[in-house]
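Trainee: Please pick one part of this model and go through it closely, contact by contact. Then place that part among the other contacts you have.

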Amino acid sequence: MSLSLSSMPHPGPRKDAAMAARLGASRKRADIIIRTLCIAATVIGLVLLASILITLFYRGFDALSLRVFTHITAPPGSEGGLLNAIVGSLIQSVIGTAIGTPIGMLVGTYLAEYAKDSWLGNAVRFVSDILLSAPSILIGLFVYQILVLPFGGFSGWAGIAALAIIVIPIVVRTTEDMLQLIPNTLREAVVGLGAPKWKMIVLVCWRSAIAGIMTGILLAVARVAGETAPLLFTSLGNNAWSTDLSKPMSSLPVTIYSFAGSPFEDWIALAWAGALLITLGVLSLNILARTLLRSRT
Amino acid sequence: MASESVMPIKATRRSSGLGDKVFALICQAAGILVLILLGALIIELFIAGLPAFRAFGIAFVTSTEWDPVQELFGAGVSIYGTIVTAVLAIVLAVPLAFGVAFFLTELAPPWMRRPVGTAVELLAAVPSIIYGMWGFFVIAPAFAQNVQPWIIDNIGEWPVIGFLFQGAPFGTGLFTAAFILAIMVLPFIAATMRDVFEQVPPVFKESAYGLGATTWEVMKGVVIPYTRVSVVGGIMLGLGRALGETMAVTFVIGNANRISTSLFGPGNTIASLVALEFGESEIGSLKLSSLLALGFILFLLSFVVLATSRYLLRSRLKA
């Protein structure tokens, strides 16, 4: 072994035992330093998440009382709550998701079952991915242009439309991904029984992919429930009690935005309570979605 | 018996032709609707911004004016703020994201990977407005009292880059906005990096380990070269997200329409300017048109970045 090494022509560090040891030590040192830095980076990430959650609990928990759920927003100093904002957020998020989901599912189905490699399919896939990451404030401006300006003012419907446009690409992505996981043998078995393609998709493929698609829907609800920017230009916000979708409608994020930026102590406290509520809701939806997906795969 | 079992098949076959056509058409129509949505978004923003483009010409993009009284508007300051905060956010986020991805794929014991990975991904789920409040009430005061005075005293005097870190420690400003943005895009970049690191064939890594390489050397010599293109794609995805972030930035950037040489100075971004000024703009005014023109510019910026990201990540999309 040593014979064959020493017969090699080029002077490697192996010839000098001390140098080899030094090199080995410095390589190990570099490895340990990088490992430590990477662990530190992960710890920083976790500490930041913890810091956000602790701040929310610390500031929001005190402000959280039954009044928050039973009273609507009120002028500073007059014992208001967040009831109209909570209800408005629920209405807009749920209807927005209910409108966006079927469209997203159909698009995802089109991409996975009909247009895997066609140019139209690729174009739709590309555009959907762009919409997925496009700034949500632009979607708000767009809906303002097409629904608020021509139809005489801010409305709950405009907010719903903006949220639905945000939902679509999320559901497209998960639907297509989940349908692609289904083995082709299953499709062949169904077609082999004489079933038409649409029955194969609706009764077999969708049913097999339902857990994944549900995950996408839950993630979409979680995403739109916290959206502020698109609602600023569409449903605007409303300090009175209103469930009329053709009028401006309150929402939790927009209320938090205007309260947190105000100089009034009680409004800021309410903003923290709202922030705690919305974060808990969004994070639990996310964790629920992940557990759902994991239990099925 | 035989005729009974044959009949329904015939019946299904006849109706299936129509059912299939209708269903395929509905799916295709939904796909085309998505195309129309994005197309309409571009056209609507452009048309709405047209009066501003007409009034100020190409100088709209470079002008640093924002004077509602004299009706003079320019996008220069907000474009500068958008790009500076987004790029600085990436500079801050990439090392962290790499560390997290490296930790999750190579260093962490298997039982730890899922909970830690989920926790980091939850950072992406926290709504933008929450980052804004947290940044405004927790990070900005901490920066004003501790972090920024220290940096100003110690780095502010350095040659060449010192001017970036001078001025008063407001707490809010470009740097704080970039810091918050960095945390917000960290999970996107880290998740992409982790996914592509996991796609490296184990046999490549095992060969390097077999030659006596350390974990870091395997990372540096095998994993990173193998995944380089996708890693850049992940970084571009983070950049695209950072460009259009609105609420968090609005809270902490200081909202002043001027270009400060110091990163600690206040500024604005396209998204924060639109969010703040929109409510004070009258329908049909030149200001509103300028804001929508800003939206159009922001769309172009993020479109280019996101399209590049997607192009670089195409190999991962196929896998």
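**A helix pair in chain B, and its setting**

Mentor: In this predicted model, the axes of helix 4 (residues 110-125) of chain B and helix 6 (residues 174-198) of chain B come within 7 Å and cross at roughly 135 degrees. That angle makes helix 4 of chain B oblique to helix 6 of chain B, because roughly antiparallel is kept for angles over 145 degrees. The crossing of these two helices is left-handed.

From helix 4 of chain B, the contact takes B:Gly117, B:Val120, B:Glu121, B:Leu123 and B:Ala124. Facing them in helix 6 of chain B are B:Ile183, B:Leu186, B:Pro187, B:Phe188, B:Ala191 and B:Arg194. By class, the residues of this contact are eight nonpolar, one polar and two charged.

Chain A has a helix pair with another geometry to set beside it. The axes of helix 7 (residues 156-181) of chain A and helix 10 (residues 210-225) of chain A come within 9 Å, crossing at roughly 155 degrees. Helix 7 of chain A is therefore roughly antiparallel to helix 10 of chain A. Their crossing is right-handed. Helix 7 of chain A contributes A:Leu163, A:Ile166, A:Val167, A:Ile170, A:Val171, A:Thr174, A:Thr175 and A:Met178, while helix 10 of chain A contributes A:Gly212, A:Ile213, A:Gly216, A:Ala220, A:Arg223 and A:Val224. The contact counts nine nonpolar, four polar and one charged residues.

Helix 7 of chain A also takes part in a salt bridge. The side chains of A:Arg125 and A:Glu176 meet at 2.9 Å, N to O. The pair links distant parts of the chain, with A:Arg125 in helix 5 (residues 119-133) of chain A and A:Glu176 in helix 7 of chain A, 51 residues apart. Over all chains, the structure holds 16 salt bridges.

Helices also meet across the two chains. The axes of helix 2 (residues 17-63) of chain A and helix 3 (residues 76-107) of chain B come within 7 Å and cross at roughly 110 degrees, so helix 2 of chain A is roughly perpendicular to helix 3 of chain B. On the chain A side are A:Ile34, A:Arg35, A:Cys38, A:Ile39, A:Ala41, A:Thr42 and A:Ile44; on the chain B side are B:Leu96, B:Gly99, B:Val100, B:Phe102, B:Phe103 and B:Leu107.

For the interface as a whole, 77 residues of chain B and 78 residues of chain A take part. The area buried between the chains is about 7100 Å², with 80% of it from carbon and sulfur atoms. Three salt bridges are counted between chain B and chain A. A salt bridge joins the side chains of A:Arg27 and B:Glu217 at 2.7 Å, N to O.

Methods: Residues are numbered from 1 along each chain as its sequence is written. Chains are lettered from A and ligands numbered from 1 in the order in which they are written. This is a predicted model: local features need pLDDT of at least 70, side-chain atom pairs count only at pLDDT 80 or more; totals for chains, interfaces and linings use all residues. Side-chain values use heavy atoms; hydrogens and water are left out. Axes are lines fitted to C-alpha atoms, for helices over the stretch in contact, and angles run from 0 to 180 degrees between N-to-C directions. Helices (H or I, at least four residues) and strands (E, at least two) are DSSP runs, numbered from the N terminus. Angles under 35 degrees count as roughly parallel, over 145 as roughly antiparallel, 65 to 115 as roughly perpendicular and the rest as oblique. A crossing is left-handed if the near helix is turned anticlockwise from the far one by less than a right angle, and right-handed if clockwise. Contact means heavy atoms within 4.5 Å. Ala, Val, Leu, Ile, Met, Phe, Trp, Tyr, Cys and Pro count as nonpolar, Asp, Glu, Lys and Arg as charged, and the others, Gly among them, as polar. Buried area is the accessible area (1.4 Å probe) that two parts lose on being put together, summed over both. A salt bridge is a side-chain nitrogen of Lys or Arg within 4 Å of a carboxyl oxygen of Asp or Glu.
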